[in-house]
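Please look over the chain below before reading the notes. They concern a predicted model.

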Amino acid sequence: MITARIGSDGAVFLLAPVRGLLSEVVPAITALDQYRPDWVGLGLSPEEMQGLVDYFVLAEAEPVVPLSPTETSEVRGLTRFGEVRVPNPTFVEVLRWARGRGVSAEPLDPSDERSASLFAEHIGYVELVRRTVRERRVSRNPPTPSTPDEFALEWDRRVSPGRGSRGLANARDRHLALEVARRRTGRSRTAVIVDRERFDSVRTLLAGGVPATMGEA
């Protein structure tokens, strides 16, 4: 899991675990315990976060999660580094951690409706076809790097290298950074959790030209 303290006072703590990998949970929770944020923001839409709370954090039994062929291939590729769970176990456990400590946890990504609009704005027909082809190709031949960190980055590069896909990802990350700025009013210590492949973009946007120190957890 890669992390960054952003700002000269480290008032924003960015954590980026590899999506799905169970071994990322303990480092993330340990880092939050040590940092003791006033609130936690997650790279999830409001609907995604509510679903995790309703069906995984509060539920007595977890439901079966259907996976697309691409998601199944990603999980299989990642299992060479350890146990993998769906949905992302780090997000689920961070939500449990926040509830147990009375810390506010808030979604930072666009709503599902806004995300659909952004998709339509950035992904035209040609890009949609290319994305589908790339997803099928990577499903048949997933990357085989030596670390889970490299796996997450390579998977993202293979699936979404097109201009439209990059524009969509940038729009989502800009929304997240603006939400952090808006919600931080009157709050001194903020933790933000995103998937590993979003780390560089989100760090740059949150820093806004302020140097950030990086670390591995």
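The points below go from a strand and its partners to a loop residue and then to a surface patch.

1. Strand S5 covers residues 190–193, and both of its faces are covered. Thr 190 and Val 192 lie on one side, Ala 191 and Ile 193 on the other, and all are buried.

2. S5 has a parallel pairing with strand S2 (residues 12–16), made over 4 bridges.

3. Pro 37 sits in the loop that runs between helix H1 (25–35) and S3. Is Pro 37 buried or exposed? Pro 37 counts as buried because its relative accessible area is 6%, and the cut-off for buried is under 20%.

4. Which residues does Pro 37 touch, leaving aside its neighbours within four places in sequence? Its contacts are Leu 32, Trp 97, Val 103, Arg 189, Thr 190 and Ala 191. Two of the residues named here, Thr 190 and Ala 191, are also among the buried residues of S5. By C-alpha atoms, Pro 37 is separated by 32 Å from Ser 117, which is 80 residues apart from it along the chain.

5. A nonpolar patch on the surface is formed by Tyr 125, Val 126, Val 129 and Val 133, with about 390 Å² of accessible area together. Val 129 belongs to helix H6 (residues 125–140). With a relative accessible area of 36%, Val 129 is partly exposed.

Terms used:
Residues numbered from 1 in each chain as written. Predicted model: local features only at pLDDT ≥ 70, side-chain atom pairs only at ≥ 80, totals over all residues. Heavy atoms only, no water. Patch = residues over 30% accessible without salt bridge, like charges linked within 9 Å, V, L, I, M, F, W, Y side chains within 5 Å. Areas by Shrake-Rupley, 256 points an atom, 1.4 Å probe, with all protein chains shown as cover. Salt bridge = Lys/Arg side-chain N within 4 Å of Asp/Glu carboxyl O. Buried < 20%, exposed > 50% of the residue type's maximum accessible area, 1.4 Å probe, protein only. Pairing = 2+ DSSP bridges. Contact = heavy atoms within 4.5 Å.
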